[in-house]
Amino acid sequence: LTLTLPSLADNGFSVPLRLAVAGPFAPGPTVTALRLFSETNPVPDMAVFEFPVPVERVEVETRIRLAGTQQIVVTAEMSDGTVYAATKEVIVTLAGCMDGT
């Protein structure tokens with residue numbers, strides 16, 4: 001499981017992110033879901049990517065919004081119940097999430 005984020009994000013409104021799980025997975029367990037969590041965002045559950053049918057390769061590229069400097073956590077749930085995790089700290093100079101307070 002690989003989580004790729006910049007170590008320093010000048011703008012928390014748009015931070016590039018890449019998730020990848022090495023494959024192919026046959027004939028062993030396959031990835032059923034990737035879950036992305038934020039340590040300090042107003043909503044800590046950032047995204048869920050589900051794979052109801054086995055896939056040969058898992059790669060997700062997107063942009064996320066971050067409320068400030070924090071750890072980002074991704075988990076990969078496998079079809080046999082195993083869970084893998086990866087973390088990355090991102091220093092954010094301009095916060096991209098506001099909680100309304």
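Which backbone nitrogen lies 2.9 Å from a polar atom of the side chain of Gln70? I looked this up and found the backbone nitrogen of Glu39.

**Basis.** I worked with a predicted model, in which local features need pLDDT of at least 70, side-chain atom pairs count only at pLDDT 80 or more, and totals for chains, interfaces and linings use all residues. Residues are numbered from 1 along each chain as its sequence is written, and side-chain values use heavy atoms, with hydrogens and water left out.

**Entry on Gln70.** I located Gln70 in strand 7, residues 70-78 (strands are DSSP runs of E, at least two residues, numbered from the N terminus). I noted that Gln70 is buried, at a relative accessible area of 1% (buried means under 20%, with a 1.4 Å probe and protein chains only). I then followed the side chain of Gln70 to the backbone oxygen of Gly68, at 3.1 Å. I also listed contacts (heavy atoms within 4.5 Å): beyond its neighbours within four places in sequence, Gln70 touches Ser38, Glu39, Thr40, Asn41, Lys88, Glu89 and Val90.

**Entry on a sheet.** I recalled that strands of a sheet pair through backbone hydrogen bonds, either parallel or antiparallel. I traced an open sheet of three strands, in the order 1-3-6, with antiparallel pairing (two strands pair if DSSP finds at least two bridges between them). I recorded strand 1 (2-4) and strand 6 (58-64) as the edge strands, each pairing on one side only. I counted seven bridges between strand 3 (residues 15-21) and strand 6, in the antiparallel sense. I looked up Leu19 and found that its bridge partner in strand 6 is Val60.

Note on methods
Helices (H or I, at least four residues) and strands (E, at least two) are DSSP runs, numbered from the N terminus. Buried means under 20% relative accessible area, exposed over 50%, partly exposed in between (1.4 Å probe, protein chains only). A polar contact is a pair of N or O atoms within 3.5 Å; within protein, one must be able to donate a hydrogen and the other to accept it, and residues adjacent in sequence count only if both atoms are side-chain atoms.
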